[in-house]
Amino acid sequence: MHVRRRTTLLAASLVLALGAGPLAAPAFASPAPRAPVCTTAPSHQALCEAIEGLPDQDATAALVRLGGTEGSWQGSSGVRDLASGRAADPDARFRAGSTTKVVTAAAVLRLAAEGEVDLDASIERYLPGLLGPEFEKPVTVRNLLNHTSGIKPGVSWGDTFEEQYAHRYDTLTPWRVVKSAVAQGPAFTAGDEQQYLNINYTILGLLIEKVTRHSYASEVTRLVLRPAGMQHTYFPGTDPRIRGPHNHGYQRVERPDGTSRLVDVTEWNVADRWAAGDMISTTADLERLVTALFRGQIVPEPQLREMFTVPADIEGAAYSAGLTRLELGGTVYWGKSGARPGYSTMLAATEDLSFTLVYSLSDTDAKDTTANPVAERIKAAALR
């Protein structure tokens with residue numbers, strides 16, 4: 001799964017900007033930690049204990065679902081928002097981040113099963129003129145699915161929270177991101193290395209639209225969301241809001257004196273992440289996704305094998321089509337993590353569905369690359 005870096009934000013300029021004027025974040029009192037709401041299952045008491053004490057400095061809410069042969073379990077803790085201190089909504093929507101890639105990959109594989117896409121064909125067959133002459137070896141659809149394309153990342157609103165926050169209501173289109181990426185030429189020859197990047201799935205979103213002649217959102221809904229029964233999942237486009245019930249997301253920002261404050265980042269235009277990471281979902285819907293997907297109800301064989309296959313000829317390869325392979329204690333798990341400001345998410349399962357886990361945190365430093373302590377406690381309790 002994705003590992004995140006937890007760094008301290010020391011930009012006094014941002015703090016000053018947030019302290020006054022129309023962009024000011026409200027000064028929240030710290031509500032007392034909420035007792036977790038957990039289903040009664042003594043064998044899963046460790047999971048309930050794992051999400052105790054929220055809100056804290058690492059997360060303001062946690063939503064967890066566990067399933068498999070040992071039965072199902074659901075728990076939630078923390079608050080819906082810091083201003084009211086109301087208990088977190090266990091059925092809340094949230095920004096699902098890169099778990100969007102699971103849905104995008106499934107849609108492409110469905111199209112492959114229907115004969116609309118050839119995984120071994122160059123992306124140029126579907127998007128002529130996309131790549132320049134610098135790309136001497138064809139980049140195939142499969143290269144994009146398993147992150148072996150060699151295409152570099154495209155333009156973004158910046159690398160720091162400060163830069164990105166300033167543009168949270170602005171739109172960066174997928175085409176602009178893609179054009180800036182391919183203009184740089186390849187980082188390596190397609191198929192020689194594996195490098196996890198959003199750009200691969202942004203291009204796959206363009207592929208879906210070109211092949212189907214319909215929008216990415218409508219086609220992925222038809223091909224994946226509807227068959228999986230994901231009624232509470234949608235793609236926001238340029239809308240910065242989260243529609244329907246949701247828990248707020250916050251970013252921890254340090255003041256010059258060493259103390260910190262939480263900035264509400266619930267509203268954010270994530271159009272630049274698009275087919276790579278703009279989905280809004282629920283833990284129940286993500287559980288439905290992994291269950292239907294692994295049962296072959298969305299992608300049939302042999303295309304489903306792509307989701308359980310990492311490149312054999314690349315040392316250290318861990319990414320398949322839409323998923324990440326992780327082996328612990330002799331058991332292989334397939335999963336995907338995701339993070340957007342204010343929210344971090346993970347889904348994981350064994351191929352036979354004897355174990356499934358979905359969680360979402362209102363994470364106070366979601367784009368960091370060291371592990372969130374709450375997430376680590378959840379995984380440790382679930383995988384015990």
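How many bridges join β1 and strand β3 (residues 73–78), and in which sense do they pair? Some notes from going through the model follow.

1. Ground rules. This is a predicted model, where local features need pLDDT of at least 70, side-chain atom pairs count only at pLDDT 80 or more, and totals for chains, interfaces and linings use all residues. Residues are numbered from 1 along each chain as its sequence is written, and side-chain values use heavy atoms, with hydrogens and water left out.

2. The opening question. β1 and β3 pair in the antiparallel sense, over two bridges; strands pair here if DSSP finds at least two bridges between them. Cys38 has Gly75 of β3 as its bridge partner. Strands (E, at least two residues) and helices (H or I, at least four) are DSSP runs, numbered from the N terminus.

3. The whole sheet. Seven strands make an open, antiparallel sheet, in the order β1-β3-β2-β11-β10-β9-β8. At the edges sit β1 (37–38) and β8 (324–328), each pairing on one side only. Helix α12 (residues 373–382) packs on the sheet and touches β2 (59–68), β10 (343–349) and β11 (355–363), its direction making about 165° with that of β11. That angle is between N-to-C directions, on a scale from 0 to 180 degrees, with axes fitted to C-alpha atoms, for helices over the stretch in contact.

4. Strand β10. Seven of its seven residues are buried, meaning under 20% relative accessible area (1.4 Å probe, protein chains only). In a regular strand the side chains alternate between the two faces of the sheet. Here Tyr343, Thr345, Leu347 and Ala349 point one way, and Ser344, Met346 and Ala348 the other.

5. Its partners. Check the turns: Gly342 has a positive phi near 95° in the β9 and β10 hairpin, with two residues between the strands. Leu353 has one near 65° in the β10 and β11 hairpin, with five residues between.

6. The cores. A nonpolar core is a set of buried Ala, Val, Leu, Ile, Met, Phe, Trp, Tyr and Cys residues joined through side-chain atoms within 4.5 Å. The largest has 77 residues, with Leu145 and Ile151 making the most contacts inside it. Helix α3 (residues 100–113) gives the most to this core, nine residues. A second, separate core of 22 residues includes Val64, Leu66, Leu357 and Ala375.

Methods:
Buried means under 20% relative accessible area, exposed over 50%, partly exposed in between (1.4 Å probe, protein chains only). Contact means heavy atoms within 4.5 Å.
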